[in-house]
Amino acid sequence: MDLPFLMLVLLLTGIGTIMVFSASFATAYYEGKDPAYYFLRQALFAVAGLAIMYIISKINYQTFRWMSVFALGLAILLLIAVLVPGIHTNRADGVRRWIAVPGLGTFQPSEIAKVAVIMYFSARLSKRNKEKPIRLSPRSNLSGIVGWLDKIGFLELVPYGVILLVIFFLMKLEPHMSGTILILAGAAAVLFAAGIKLYWFILGGGAMGLLLAISMQGYQSTRILVWKDPWAYKQEGGYQIIQSLYAIGSGGLLGLGLGKSRQKFLYLPEPENDFIFAIVCEELGYIGAAIVILLFVLLIIRGYWLAVHARDRFGSLLVVGITTLLAVQVFLNISVVTNLLPTTGISLPFFSYGGTALMIQLAEMGMVLSVSRQIPAPRQE
């Protein structure tokens with residue numbers, strides 16, 4: 001397997017697990033739990049995830065072709081199941097995103113939907129040049145229209161558009177806008193890498209943006225107001241982002257030192273989860289945070305390098321989708337923590353607390369490593 005990619009994944013997972021311990025022990029103690037509660041669970045899931053990553057990396061990635069149909073079907077069934085009372089976890093605000101798994105905690109079906117869409121789109125689009133164009137009898141009244149729609153590429157995009165619309169409306173019922181954005185980003189990356197015309201991204205992006213704007217909930221509109229001026233909502237929606245900015249500013253150049261954050265002592269909500277990067281900045285400083293970002297950048301660049309050198313089109317599209325999904329998630333999380341973008345509820349890969357999410361992320365890295373195993377060796381002169 002590709003050793004640079006593997007080492008970067010191991011580094012980020014290790015640093016992330018350590019930061020979960022540092023960021024969470026105050027919260028765990030306040031909740032009456034062992035201060036190492038979150039750390040031990042995250043470490044256990046990290047070990048299990050790395051084992052799953054290794055097993056998946058040993059599988060011939062061509063197996064993911066036929067598995068993609070079942071993965072997509074399972075993802076849609078889970079997105080439907082999470083809407084059923086008694087299956088989803090109950091929350092006072094009516095959000096239905098999580099399914100409880102005895103002994104493992106909860107997981108979001110959207111995590112499976114992200115990789116399932118990438119797998120299915122990659123499998124279908126890898127054969128797009130081999131598919132025969134749709135042809136009707138010249139005597140048919142629809143032959144001219146169908147021929148024109150096929151020529152501009154509309155008919156080819158219909159099945160992909162239907163799948164994304166189904167997932168969009170299921171996610172809307174949860175509601176889960178941030179998850180929807182990530183699924184659309186992964187799908188768009190695969191479509192773009194497959195050679196779909198640019199004007200379809202402009203039209204499709206505009207249509208999806210309009211749908212997202214129309215379907216925006218009241219609390220999502222409030223987040224935009226908070227983002228514009230969090231100090232105008234100090235004790236309401238702006239409290240979390242203000243505490244995050246205090247944490248980042250307190251870190252300075254070299255940081256306060258590992259374990260010495262002040263904001264994690266019940267000032268910053270969710271310090272071990274979505275806002276863990278603020279604790280990274282506070283404890284490790286500008287230099288430490290820059291190193292973490294650099295590791296992510298190197299992992300993303302290496303992922304795209306593997307995609308360019310993949311043995312076949314399917315492997316290339318699969319790696320492009322997974323790498324882009326990772327890149328968008330990292331960018332959005334750090335942008336939210338630094339108030340560059342409104343709060344979206346997107347976690348930081350390998351860092352944010354969440355066992356099932358970490359295992360799925362490492363499983364995705366296993367897919368990339370599986371593709372890397374079959375990269376042709378360079379020719380010797």
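Predicted model: local features only at pLDDT ≥ 70, side-chain atom pairs only at ≥ 80, totals over all residues.
# Pockets, cavities and core of a helical chain

The residues that line the second largest pocket divide into 18 nonpolar, 3 polar and no charged. That lining has 21 residues in total, and those nearest the centre of the pocket are Leu164, Trp200, Gly204, Gly205 and Met208. The volume of the second largest pocket is about 620 Å³. Three helices each supply at least two residues of its lining: H6 (154-172), H7 (177-193) and H8 (198-214).

The chain as a whole comes next. It contains 13 helices and 2 strands. Of its 381 residues, 48% count as buried. The accessible surface of the chain is about 18600 Å², and carbon and sulfur atoms hold 68% of that surface. Among contacts in the chain with a separation of 6 or more, 73% are between residues 24 or more positions apart.

Helix H4 (109-125), helix H12 (313-337) and helix H13 (355-373) are the elements that give two or more residues to its lining. H12 gives the most, with 4 residues. The residues that line this cavity include Glu111, Lys114, Ile322, Gln329, Pro349 and Met365. By class, the lining of the second largest cavity has 5 nonpolar, 2 polar and 3 charged residues. The lining of the second largest pocket, in contrast, has no charged residues.

Next is the nonpolar interior. In soluble globular proteins, nonpolar side chains tend to be buried together. The largest nonpolar core here has 102 residues, and the members that touch the most other members are Phe121, Leu125, Phe277, Leu318, Phe350 and Phe351. Leaving aside residues up to four places away in sequence, Leu125 touches Glu156, Tyr160, Val190, Leu191, Ala194, Ile196, Arg313 and Leu317.

Most residues other than glycine have a negative phi. Phe350 is not a glycine, yet its phi is positive, at about 70 degrees. Phe350 sits in the loop between H12 and H13. Is Phe350 buried or exposed? Phe350 counts as buried because its relative accessibility is 2%, and the limit for buried is under 20%.

Leu266 also has a positive phi, near 70 degrees, and is likewise a residue other than glycine. Its place is in the loop between helix H10 (239-251) and helix H11 (276-308). The relative accessible area of Leu266 is 48%, so Leu266 is partly exposed.

The last stop is on helix H12, where Ser335 lies. With a relative accessibility of 3%, Ser335 counts as buried. Beyond residues up to four places away in sequence, Ser335 touches Leu340 and Leu341.

Methods
Residues numbered from 1 in each chain as written. Heavy atoms only, no water. 1 Å grid on protein atoms, 1.4 Å probe; cavity = no way out; pocket = protein on both sides within 12 Å on 5 of 7 lines; lining within 4 Å. Nonpolar A, V, L, I, M, F, W, Y, C, P; charged D, E, K, R; others polar. Core = buried A, V, L, I, M, F, W, Y, C linked by side-chain atoms within 4.5 Å. Buried < 20%, exposed > 50% of the residue type's maximum accessible area, 1.4 Å probe, protein only. Contact = heavy atoms within 4.5 Å. Points joined across faces, edges and corners; volume = space filled by probe spheres on them. Areas by Shrake-Rupley, 256 points an atom, 1.4 Å probe, with all protein chains shown as cover.
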